[in-house]
Amino acid sequence: MERVPTPQTASPPATGAAATSPVRLTINGMDQALTLDNRVSLLDLLREHLHLTGTKKGCDHGQCGACTVIVNGRRINSCLTLAVMHDGDEVTTIEGIGTPDHLDPMQAAFVAHDGYQCGYCTPGQICSARAVLEEIAAGIPSHVTGDLNAPPPLSAEEIRERMSGNLCRCGAYANMLEAILEVADTQGLPA
Ligand code: FES
Ligand code: FES
């Protein structure tokens, strides 16, 4: 008679201490050396371990943009990445961009144009807005860029598309667009 294979039994869940790794990052210009549970997201490292609570946890699923930070010059959703993946990286959060006494030009423009949103949305919006202008200046195309062989235009359509990962339920996007365009103008980016 043909033998029925014995089903493999699943390994029992691992017990004991969670796996950890040493991580060294530069966050807002400061060297940070930590040993972290490998499962800690970059967002939780910032908020829970370093108490940099400017970066917000909205959805924790990569859908709202509230957790946007700059890593090595490019914006990312910090909820979607593990902190241990960023050994040696440079991270900038909203705390490293401006202070109430020394606003970044993008923050000042948001104030001037009444572009600020709630405390949950604004830090991610400011991080994204700055990165959007840098992406356009670097010639990085977006989904709506028509000619991939030409520098992307500094149009409202380009900015809306690039900011579309930052959501809110209030819809005060028009004022933000004006603020971003004003900063682009002061930076000499071509319209
Ligand atoms: S908290 Fe990361 S995208 Fe919403
Ligand atoms: S401004 Fe934060 S939800 Fe709309």
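## Packing of α2 against α5

Helix α2 passes helix α5 in a right-handed crossing. In this predicted model, the two helices pack at an angle of about 135°, and their axes are 8 Å apart. The angle makes α2 oblique to α5.

On the α2 side, the contact is made by Pro-105, Met-106, Ala-109 and Phe-110. The α5 side contributes Met-176, Ala-179, Ile-180, Glu-182 and Val-183. By class, the residues of the contact of α2 with α5 divide into eight nonpolar, no polar and one charged.

## Packing of α2 against α3

Helix α2 covers residues 105–112 and helix α3 covers residues 122–137. Their axes come within 10 Å and cross at roughly 115°; α2 and α3 are therefore roughly perpendicular to each other. The crossing in which α2 passes α3 is right-handed.

From α2, the residues Met-106, Gln-107 and Phe-110 take part in this contact. They meet Gln-125, Ile-126, Ala-129, Arg-130 and Leu-133 of α3. The residues of the contact of α2 with α3 divide into five nonpolar, two polar and one charged.

## Packing of α3 against α5

The axes of α3 and α5 come within 10 Å and cross at roughly 45°, which makes α3 oblique to α5. Here α3 passes α5 in a right-handed crossing.

Gln-125, Ala-129 and Leu-133 represent α3 in this contact. Their counterparts in α5 are Tyr-173, Met-176, Ile-180, Val-183 and Ala-184.

## The nonpolar core

In soluble globular proteins, nonpolar side chains tend to be buried together. In the present model, the largest nonpolar core has 23 residues. Those with the most contacts inside this core are Met-106, Phe-110, Leu-133, Leu-154, Ile-159, Met-163 and Ile-180.

The elements that give two or more residues to this core are α2, α3 and α5. Its largest share, seven residues, comes from α3.

## Ala-174 in α5

Ala-174 lies in helix α5, which covers residues 173–186. With a relative accessibility of 52%, Ala-174 counts as exposed, because the cut-off for that class is over 50%.

Relative to Tyr-120, Ala-174 is 54 residues away in sequence. The C-alpha to C-alpha distance between Ala-174 and Tyr-120 is 18 Å.

His-51 has a positive phi of about 60° although it is not a glycine. This residue is placed in the loop between α1 (42–49) and β3 (68–71). At 61% relative accessibility, His-51 counts as exposed.

Asp-60 is likewise placed in the loop between α1 and β3. Its phi is near 60°, a positive value in a residue other than glycine. Asp-60 has a relative accessibility of 33% and therefore counts as partly exposed.

Conventions. Residues are numbered from 1 along each chain as its sequence is written. Chains are lettered from A and ligands numbered from 1 in the order in which they are written. This is a predicted model: local features need pLDDT of at least 70, side-chain atom pairs count only at pLDDT 80 or more; totals for chains, interfaces and linings use all residues. Side-chain values use heavy atoms; hydrogens and water are left out. Axes are lines fitted to C-alpha atoms, for helices over the stretch in contact, and angles run from 0 to 180 degrees between N-to-C directions. Helices (H or I, at least four residues) and strands (E, at least two) are DSSP runs, numbered from the N terminus. Angles under 35 degrees count as roughly parallel, over 145 as roughly antiparallel, 65 to 115 as roughly perpendicular and the rest as oblique. A crossing is left-handed if the near helix is turned anticlockwise from the far one by less than a right angle, and right-handed if clockwise. Contact means heavy atoms within 4.5 Å. Ala, Val, Leu, Ile, Met, Phe, Trp, Tyr, Cys and Pro count as nonpolar, Asp, Glu, Lys and Arg as charged, and the others, Gly among them, as polar. Buried means under 20% relative accessible area, exposed over 50%, partly exposed in between (1.4 Å probe, protein chains only). A nonpolar core is a set of buried Ala, Val, Leu, Ile, Met, Phe, Trp, Tyr and Cys residues joined through side-chain atoms within 4.5 Å.
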